[in-house]
Amino acid sequence: MYNDKNSKKIVETIQNWARSHSVWVLAYGTGCGAIEIAPTMTSRYDAERLGFRGAATPRQADVMLITGYLTVKTVKRVVRVYEQMQSPKYVVGFGSCTINGGMYYDSYNTINLLDKYLPVDVYINGCMPRPEAVIAGLAKLQQIIREGKANGAEKYLENLDWYKANQRKIAPKWIAKAPDYNW
Amino acid sequence: MKEIKDTMIAKIKAAFPEAVNKAYDGNRLDFTVHKDAIPGFLSHMKEQLGFRHLSHIAYVDWIEENEFEIVYILWSPEEKVKLFIHTRIDRENPVMENIDMIWRQANTYQREMKEMLGIEFPDMVAPDEFILEDWDDIPPFRRDFDTLEYVNRTFWHRPGREDAQDVRETITKRSGEEIPDFAKKYSR
């Protein structure tokens, strides 16, 4: 393979096209949004015809779908799961709670802004978003993958100190014990 | 039901004369007991009077009276009677008798109370961290804990919430529709 700039670009385009048609979704269903995943994936809306399907483990998944609010306790597990996923990897924030805290904005144990702790590629608005909205959000994700703009994982690596500082602010004891993110 | 309740009250009064009864309708019995008498009272109810089931332990923060109230709710499967046992403890120095050797499941409620109100239970099984991890503020279910102030200090707010628009009104204004009469009462 030629290693010059143009052939790299061509290879990347083909890779991105292929990635956008085989998106394996890890649904992190601890919030109420998990109830919308079932109709999205099953026969009524059938997201698999567009290339989305469920992944069994983080290491097989491309997209982490964060469905709804995250407590301080679960955000640690989400960070751990995200760091276990293999590149290319994307995060989709699902519902108002991940955008601005939603109806739990003044709760002492739910975080308000997900993108302070993880790089979010696409947000799906709504409380709850209907399956049509979920499919629209995932189609938007496919589009930005195809354009090569879904670069949350690189953003996370570049700004690792900033993300880790934010995570340490809510979980000081846990971050000190967590393994380094260095792969 | 009335006769069962009356015999129950008579039996409890005979064993614990200082327990204060309060009358309620239905199958509810209600007693107020001093906090030192609680373990003896509860084990007597369990062993002698058939209140074998611990349904719940509730707690109330009486900040005006500088006290916490703990309510043990028991259930008698044979007589179909529920028993509420109230007790008050000091809010400044909240220490309560441990009862997890009477009912092991009381341990879960006690751990929750320890974390959410800061009540200490000496000699409790597994007194370590339960639900809240990495918590270093005052216990969050106390009424003097200001959650919005805590959120402002710990998390971030995204701008756009402060104008507090009514969704229904904003959408109808944008599309030029009228809000129907039956829906007006739901708008702000």
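**View 1. Chain B from end to end.** From the N terminus on, chain B runs α-β-β-α-β-β-β-α-α-α-α. The radius of gyration (taken over C-alpha atoms) of chain B is 24 Å, well over the 16 Å that the globule rule gives for 188 residues, so chain B is more spread out than a compact globule. That rule is 2.2 Å times the number of residues to the power 0.38. The chain has six helices and five strands; helices (H or I, at least four residues) and strands (E, at least two) are DSSP runs, numbered from the N terminus. The model is predicted: local features need pLDDT of at least 70 and side-chain atom pairs count only at pLDDT 80 or more, while totals for chains, interfaces and linings use all residues. Residues are numbered from 1 along each chain as its sequence is written, and chains are lettered from A and ligands numbered from 1 in the order in which they are written. Taken along the principal axes, the C-alpha atoms of chain B fill a box of roughly 75 × 45 × 30 Å. Of its 188 residues, 16% count as buried, that is, with 20 or more other C-beta atoms within 10 Å of their own; a residue is exposed with 12 or fewer and partly exposed in between, and C-beta atoms are placed from the backbone. Among the contacts in chain B with a separation of 6 or more, 48% are between residues 24 or more positions apart; two residues are in contact if their C-beta atoms, placed from the backbone, lie within 7 Å.

**View 2. Strand S2 of chain B and its two partners.** Strand S2 covers residues 28–32 of chain B, with B:Leu29 and B:Phe31 on a covered face and B:Arg28, B:Asp30 and B:Thr32 on an uncovered one. In a regular strand the side chains alternate between the two faces of the sheet. Strand S1 (residues 20–22) of chain B runs antiparallel to S2(B) and is joined to it by three bridges; two strands pair if DSSP finds at least two bridges between them. B:Lys22 stands opposite B:Asp30 in S2(B). Five residues lie between S1(B) and S2(B), which form a hairpin, and B:Gly26 in the turn has a positive phi of about 70°. S2(B) also runs parallel to strand S5 (residues 81–90) of chain B, through five bridges. Here B:Leu29 stands opposite B:Leu83 in S5(B).

**View 3. Chain A as a whole.** Chain A has eight helices and five strands, in the order α-β-α-β-β-α-β-α-β-α-α-α-α from the N terminus on. The radius of gyration of chain A is 17 Å, close to the 16 Å that the globule rule gives for 183 residues, so chain A is as compact as a globular protein of that length. The C-alpha trace spans about 55 × 40 × 25 Å along its principal axes. Of the 183 residues of chain A, 38% count as buried. Residues 24 or more positions apart make up 78% of the contacts in chain A with a separation of 6 or more.

**View 4. The sheet of chain A.** Five strands of chain A form an open sheet in the order S2-S1-S3-S4-S5, with parallel pairing. Strand S2 (52–54) and strand S5 (122–124) of chain A stand at the edges with a single partner strand each, so one side of each is left without a neighbour in the sheet. The twist averages 30° from one strand to the next; axes are lines fitted to C-alpha atoms, for helices over the stretch in contact, and angles run from 0 to 180 degrees between N-to-C directions. Strand S1 (residues 23–28) of chain A pairs with strand S3 (residues 63–67) of chain A in the parallel sense over four bridges, and A:Leu26 stands opposite A:Met64 in S3(A). Helix H5 (residues 131–146) of chain A lies across S1, S2, S3, strand S4 (90–94) and S5 of chain A, at about 170° to S5(A).

**View 5. Nonpolar cores.** A nonpolar core is a set of buried Ala, Val, Leu, Ile, Met, Phe, Trp, Tyr and Cys residues joined through C-beta atoms within 7 Å. The largest has 42 residues, of which A:Val63, A:Met64, A:Leu65, A:Ile66 and A:Val92 touch the most other members. S1(A) gives the most to this core, with five residues. Not counting residues up to four places away in sequence, A:Leu65 touches A:Val25, A:Leu26, A:Ala27, A:Tyr28, A:Val92 and A:Phe94. Another core lies apart from the largest one and has 23 residues, among them B:Phe31, B:Ile70, B:Val81 and B:Ile99.
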